[in-house]
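Dear colleague,

Please find below the structure that I am handing over to you.

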Amino acid sequence: MTRNDIRNMKITYHPIGVIYSGHTRHEDTPIQGIFNPAPGTIEVFEEFAEGLRDIESFSHLILLYHFHRATGNALVQAPFLDGEKERGIFSIRHFNRPNPIGLSIVDLKAVRGNVLEISGCDILDGTPLLDIKPYVYQFDHRAEVTSGWVDGTHLDDIREWNATPKQLRDRRRTNL
């Protein structure tokens with residue numbers, strides 16, 4: 001397969017479920033779930049429910065989802081944590097991306113049939129779920145990590161006030 005074949009390839013995914021939360025507006029949605037214990041619910045469609053077998057033994061899940069309410073497609077964007085400076089889209093986690101795919105790590109609280117109760121939910125209500133992967137500490141944790149421009153930001157107080165884009169703007173931490 002050539003690079004042009006891949007460039008022109010059409011890739012189609014179908015949702016396996018829906019993520020529900022109390023978040024209805026981008027500006028009021030936590031910027032990262034680790035900063036906010038917000039609850040959420042995942043409904044896995046019945047035809048995929050068997051795939052949840054043994055998931056209750058994991059404390060955390062990695063969710064891949066479609067940013068169904070993305071408002072654009074930019075290669076350069078000002079991140080919520082540093083609204084003063086635009087950055088390349090692949091060095092930030094903004095929803096306006098060439099392929100609007102989101103990733104979140106959430107806490108799994110309970111499993112009731114095809115419904116998962118989660119916390120640390122930084123996802124808009126009604127978001128289409130593409131996949132669930134278990135967070136496995138032995139596979140996913142890295143000891144020596146550098147986090148680029150994020151290492152230079154002051155994250156110390158963000159957890160205390162459950163950072164959302166609106167709160168960051170109000171505290172002059174971003175101009176978005």
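The notes below go from the chain as a whole to its strands, then to a loop and a pocket.

Overall composition

Please bear in mind that this is a predicted model. The protein chain contains three helices and eight strands. Along the sequence, these elements follow the pattern α-β-β-β-β-β-β-β-β-α-α. The chain has 176 residues, of which 38% count as buried. Of the contacts between residues at least 6 apart in sequence, 75% join residues at least 24 apart.

The barrel

Six strands close into a barrel, and their order is β1-β2-β7-β6-β3-β8 with antiparallel pairing. On average, neighbouring strands of this sheet are turned by 45° against each other, with direction ignored.

Strand β1 covers residues 17-21, and four of its five residues are buried, so the strand is largely enclosed by the rest of the structure. Five bridges connect β1 and β2 in the antiparallel sense, and within this pairing serine 21 stands opposite glycine 40 of β2. β1 also pairs with β8 (residues 127-134), again in the antiparallel sense, over three bridges. There, glycine 17 has leucine 129 of β8 as its bridge partner.

Strand β2 pairs with β7 (residues 115-119) in the antiparallel sense as well, over five bridges. Glycine 40, which stands opposite serine 21, has isoleucine 118 as its bridge partner in β7. Threonine 41 is bridged to glutamate 117 of β7.

On its other pairing, β7 is joined to β6 (residues 101-112) by five bridges, and the two run antiparallel. One of the bridge pairs here is valine 111 with leucine 116 of β7. β6 and β7 form a hairpin with two residues between them, and glycine 113 in the turn has a positive phi of about 65°.

The loop between β2 and β3

Aspartate 54 lies in the loop between β2 (39-44) and β3 (60-66). Its phi is positive, at about 75°, although the residue is not a glycine.

Leaving aside neighbours within four places in sequence, glutamate 56 is in contact with Leu108 and Val111. The C-alpha atoms of glutamate 56 and arginine 112 are separated by 9.5 Å, while the two residues are 56 apart along the chain.

The second largest pocket

About 260 Å³ of space lies in the second largest pocket. Its lining consists of Ile6, Arg7, Met9, Lys10, Ile11, Tyr13, His66, Asn99, Pro100, Ile101 and Leu130. Sorted by class, the lining has seven nonpolar, two polar and two charged residues.

Yours sincerely

Definitions and conventions:
Residues numbered from 1 in each chain as written. Predicted model: local features only at pLDDT ≥ 70, side-chain atom pairs only at ≥ 80, totals over all residues. Heavy atoms only, no water. Pairing = 2+ DSSP bridges. Axes fitted to C-alpha atoms, helices over the stretch in contact; angles between N-to-C directions. 1 Å grid on protein atoms, 1.4 Å probe; cavity = no way out; pocket = protein on both sides within 12 Å on 5 of 7 lines; lining within 4 Å. Points joined across faces, edges and corners; volume = space filled by probe spheres on them. Nonpolar A, V, L, I, M, F, W, Y, C, P; charged D, E, K, R; others polar. Buried < 20%, exposed > 50% of the residue type's maximum accessible area, 1.4 Å probe, protein only. Contact = heavy atoms within 4.5 Å.
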